[in-house]
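Hi,

Here is the structure I promised to pass on to you. Have a look at it first, and then read my notes below.

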Amino acid sequence: MPVPAVSRQIVFPERDVIALDTIAVPAPGPDDVLVRIRRVGICATDLHLLAGHIGNPFPLVPGHEFVGEVAAIGTRAGLDRSLSIGDRIAVEMLLPCRACAWCRSGRYNLCAHDDPSAGLPIGRQLGVNIPRTTGHGLWGGYAEYLMAPQEAIIHRLPDDLSWDAAVLVEPYAVAHRAVARAGIRPGDNVVVVGPGPVGLLTVAAARSAGAARIVVAGTRAARLEPALRFGADAVVNIREAADPIAAVRDALGGAGADAAIETAGVPSAQQDAVRLVRRGGRVVLAGACGAHAELTLHADEDLLTREIDVLPSFLSAGGFEPAIAGLARGEAPYEELVTHTLPLAEAERAFALIASRDHSVIKIALDPTR
Ligand SMILES: [Zn+2]
Ligand SMILES: [Zn+2]
């Protein structure tokens, strides 16, 4: 399929503004891979970005949950990556420098190379904090085409994996990182707080890590119900339960949760996670709450006297490999999460649908080929 001269993109020119625009598509540089986007997931992070809660990256082409095909490839990239035109790929949002201490230790989500004044994307995140005014401007997945630079981490997708399942690879990678941070071992009891897409995928990831019993805690009944199909043993509506801590303990068969993983991205859910875990347990905070969100905990009652390990989990580092493997094995009814797939031009409607908190909405994907 020939590469057109221009690509359509959704642009956030400034906070609270969504526009559809076009941009020239250059030939890839020697180390670049031009990606034809087949699906991009809309994430709560994108809503935070639009609202100006995550810095000032404008004008921004959002979209970090994208998958697609190799459309064109630079000469060196073709050799180094052994990729061919048409290959189905996922690209990690992180563009690590691979040289700083964090990158070398494997925690490339904490890459310390971030010098926007250099005009390069190194150390930053596709679709999140690289302004469209940097270089060629093809840095976001809400577009027909994206340019993956030399620093990009590219994964091949199985040929028989549907795009509707493949679009979940990034949130599933976030879930796998959270489960890894929680140190889930076979036999552990786990409570997942927040039954959104990442929460449901965290249930599947915890299940594949060998969790014994998994309970999902949340406040929206329509969101809790699918958790059972993703591997949860029980769900607890913590708004309705008279004693949520007791309800979770009962659902875990009387034992406490060895680990609580929060995926909702609101401080109240983070508090819930700390209070729902057993003494000496581990709490992973995986949801982004937006700028200036404050978390209040009782230093002694919640943390000190219970010796709770609080472990934030940031982005998806190390999560893509197990996520792709899980998707390929079909461990959960993944495609059920993608409740809506809309054309690129309907991004604004997609955001309105999410904001409406319509019960039928779990994950909305955009299909830029439409
Ligand atoms: Zn996301
Ligand atoms: Zn680095």
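Helix α8 covers residues 244-251, and its buried residues are A246, V248 and A251 (buried means under 20% relative accessible area with a 1.4 Å probe, protein chains only; helices are DSSP runs of H or I with at least four residues, strands runs of E with at least two, numbered from the N terminus). Among the elements covering these residues are β8 (189-193), β9 (213-218), β10 (234-237) and α9 (267-276), where contact means heavy atoms within 4.5 Å. After α8 comes G253, which has a positive phi near 75°.

A word on the basis: this is a predicted model, in which local features need pLDDT of at least 70 and side-chain atom pairs count only at pLDDT 80 or more, while totals for chains, interfaces and linings use all residues. Residues are numbered from 1 along each chain as written, chains are lettered from A and ligands numbered from 1 in the order written, and side-chain values use heavy atoms, without hydrogens and water.

Now the metals. C43 counts as buried because its relative accessibility is 14%, and H64 is buried at 2%.

The zinc ion (ligand 2) is held by C97, C100, C103 and C111 through their SG atoms, at 2.3 to 2.4 Å. Their spacing along the chain is C-x2-C-x2-C-x7-C. Both C100 and C111 are buried.

Best wishes

Methods: Buried < 20%, exposed > 50% of the residue type's maximum accessible area, 1.4 Å probe, protein only. Donors = N, O, S within 2.8 Å, 3.2 Å for Na, K, Ca; no water.
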